[in-house]
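The following paragraphs lead the reader through one protein model. Please keep the sequence and the structure in view while reading.

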Amino acid sequence: MLDGKGELLFVIHRVEDVTEFARIAAQLESANQELESFSYSVSHDLRAPLRVQELVQANADRKVEVTVAPLPPAMGDRGLLRQVLTNLIGNAFKFTRQRPDARVEIGSRDEGGERVYYVRDNGAGFDIRYANKLFGVFQRLHPAAEFEGTGVGLALVQRIIRRHGGRVWGEARVNEGATFHFTLP
């Protein structure tokens with residue numbers, strides 16, 4: 001501030017803690033990235049969800065042994081959890097297509113005090129060295145000419161399970177199949 005003669009009277013110094021602004025900016029950036037990924041997943045999500053029976057009917061020309069163990073109830077958004085199972089089971093059917101003895105198993109187990117749900121198949125599997133790419137949007141471990149898809153399904157599965165406070169991961173061996181596991185609190 002200056003006095004009437006234009007001489008310096010005093011200085012006002014304002015100090016702000018930008019930590020809170022940085023935290024909010026990071027949250028906004030994360031939300032924007034999620035929104036962008038979500039917009040890509042919308043078309044994938046709008047496809048008519050297939051039920052286990054619908055998958056069998058849609059693949060009537062194939063012999064697929066499907067085993068569904070009794071599943072305990074889970075707490076969560078019914079529609080979103082249905083989408084998780086639809087994507088995982090749909091992938092199991094897709095990646096067993098070249099197997100004459102295709103098997104898909106849906107079940108759960110208690111592990112370390114938490115409920116782990118899983119979908120297992122004996123299909124194409126994947127090289128575990130590339131497991132870090134499994135849940136990325138548009139990440140594919142198999143050529144599109146070999147197996148159709150957009151590379152969005154597993155990203156959507158991960159997003160839904162994380163929103164429910166759970167974890168999701170995959171294990172596999174090339175040409176021996178894959179198992180996708182997820183937990184729900």
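Helix 4 (residues 153–163) is largely enclosed by the rest of the structure, because 8 of its 11 residues are buried. Buried means under 20% relative accessible area, exposed over 50%, and partly exposed in between, with a 1.4 Å probe and protein chains only. Helices (H or I, at least four residues) and strands (E, at least two) are DSSP runs, numbered from the N terminus. The buried residues of helix 4 are Gly153, Leu154, Ala155, Leu156, Val157, Gln158, Ile160 and Ile161. After helix 4 comes glycine 165, with a positive phi near 80°.

This is a predicted model, in which local features need pLDDT of at least 70 and side-chain atom pairs count only at pLDDT 80 or more, while totals for chains, interfaces and linings use all residues. Residues are numbered from 1 along each chain as its sequence is written, and side-chain values use heavy atoms, with hydrogens and water left out. The pLDDT is the predictor's confidence in each residue, from 0 to 100. Its average over the chain is 79, and 74% of the residues score at least 70. In residues 38–50 the pLDDT is below 50, and this stretch has 17 contacts in the model beyond near neighbours in sequence; contact means heavy atoms within 4.5 Å.

One of the buried residues of helix 4 is glutamine 158, which has a relative accessible area of 16%. Apart from residues up to four places away in sequence, glutamine 158 touches Phe135 and Val168.

Attention now turns to the interior. A nonpolar core is a set of buried Ala, Val, Leu, Ile, Met, Phe, Trp, Tyr and Cys residues joined through side-chain atoms within 4.5 Å. The largest such core has 26 residues, and those with the most contacts inside it are Val84, Leu88, Val104, Val119, Ile161, Phe180 and Phe182. Two or more residues each come from helix 3 (78–95), strand 2 (102–111), strand 3 (114–121), helix 4, strand 4 (168–173) and strand 5 (177–183). Helix 3 gives the most, with 6 residues. Leaving aside neighbours within four places in sequence, phenylalanine 180 is in contact with residues including Leu88, Val119, Leu154 and Trp169.

Asparagine 175, in the loop between strand 4 and strand 5, counts as exposed at 54% relative accessibility. Its phi is near 65°, a positive value in a residue other than glycine. Phenylalanine 10, in the segment before helix 1 (19–45), is partly exposed, with a relative accessible area of 40%.
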